[in-house]
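Hi,

Here is the structure I promised to pass on.

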Amino acid sequence: MNESKCPVPKEQQPTNEFIELSKSKIFSWPKTKKSLILVLIKFWIGAFLLFLVISSGSIYFKESILKYILLSFFTSLSIPLLISIKLYLGWNHVFKRLTSERIEYEESGWYDGQVWVKPLILKEKESLIASIEVKPILKNLIQIFSIISVLALSGILLFQYKNL
């Protein structure tokens, strides 16, 4: 953006927010679907082991080792689920700022909200960034979120049976 014409502070400009988010260690995970899946699987395994230790203290689950393992398996899905929600919210915020015709910003950071209308050239540039860079990331996150949700819901349904 041309700094002389743009009143939006540099750190609040959507293109710069996108660049900062892309450089972030955590928010760069979903740039490729494979790397995101590997990271989430690592967190899932770590959470599974932790939840095994936590649920091992339950007298109820000492009677049924299968319930003990399945409970840890399905409850450990909450960690990758929360991570994928956090990633989605961050990338969705940047997507909305890139595709918006107006940019809301604060000059001093103390409730002095301003609105700036983007010029056409900047709007097209940021729309292109949003569609080429951010939209595939959001699509991957939604797919992974859906898979984790289906697994978690199947675990809930599985525990509805008393004979397990």
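Confidence is highest in helix 5 (residues 78–99), where the mean is 96, and lowest in helix 3 (residues 59–62), where it is 67. Where pLDDT is low, the predicted coordinates should not be read in detail.

**Helix 1 and its two sides**

Helix 1 spans residues 14–23, and its buried residues are Pro-14, Thr-15, Glu-17, Phe-18, Leu-21 and Ser-22. Why do they end up on the same side of helix 1? Because the arc they cover around the axis is only 160°.

**The nonpolar cores**

The largest nonpolar core has 26 residues, and the ones that touch the most other members are Phe-18, Leu-36, Leu-87, Trp-91, Leu-98 and Val-134. Which elements give two or more residues to this core? They are helix 1, helix 2 (33–55), helix 4 (65–75), helix 5 and helix 6. Helix 6 is the top contributor, giving nine residues. In soluble globular proteins, nonpolar side chains tend to be buried together.

Setting aside neighbours within four places in sequence, Phe-18 is in contact with Trp-91, Val-94, Leu-98, Ile-129, Glu-133 and Val-134. There is also a second, separate core of six residues, with Cys-6, Val-8, Tyr-105 and Trp-116 among them.

**Charged pairs**

How many salt bridges does a search of the whole structure find? It finds two. In one of them, the side chains of Glu-17 and Arg-97 meet at 3.0 Å, N to O. That pair links distant parts of the chain, since Glu-17 sits in helix 1 and Arg-97 in helix 5, 80 residues apart. Glu-17 counts as buried because its relative accessibility is 17%, and Arg-97 counts as buried because its value is 14%.

The other pair is Lys-118 with Glu-126, whose closest N and O atoms are 2.5 Å apart. As a general point, side chains of opposite charge can pair when their charged atoms come close.

**A few single residues**

Ser-84 is in helix 5, and it is buried because its relative accessible area is 1%. Its side chain reaches the backbone oxygen of Leu-81 at 2.9 Å. Leaving out neighbours within four places in sequence, Ser-84 is in contact with Leu-141, Phe-145 and Ile-148.

Leu-82 is also found in helix 5, but Leu-82 counts as exposed because its relative accessibility is 54%.

Ile-54, in helix 2, is another exposed one, with a relative accessible area of 58%. Ile-54 and Pro-14 are 40 residues apart along the chain, and their C-alpha atoms are separated by 43 Å.

Ser-131 counts as partly exposed because its relative accessibility is 38%, which falls between the 20% and 50% cut-offs. The C-alpha atoms of Ser-131 and Leu-98 are 9.4 Å apart, while along the chain the two residues are 33 residues apart.

Cheers

Definitions and conventions. Residues numbered from 1 in each chain as written. Predicted model: local features only at pLDDT ≥ 70, side-chain atom pairs only at ≥ 80, totals over all residues. Heavy atoms only, no water. pLDDT = per-residue confidence, 0-100. Helix = DSSP H or I, 4+ residues; strand = E, 2+ residues; numbered from the N terminus. Buried < 20%, exposed > 50% of the residue type's maximum accessible area, 1.4 Å probe, protein only. Arc of directions from axis to C-beta. Polar contact = N/O pair within 3.5 Å; in protein donor to acceptor, adjacent residues only side chain to side chain. Contact = heavy atoms within 4.5 Å. Core = buried A, V, L, I, M, F, W, Y, C linked by side-chain atoms within 4.5 Å. Salt bridge = Lys/Arg side-chain N within 4 Å of Asp/Glu carboxyl O.
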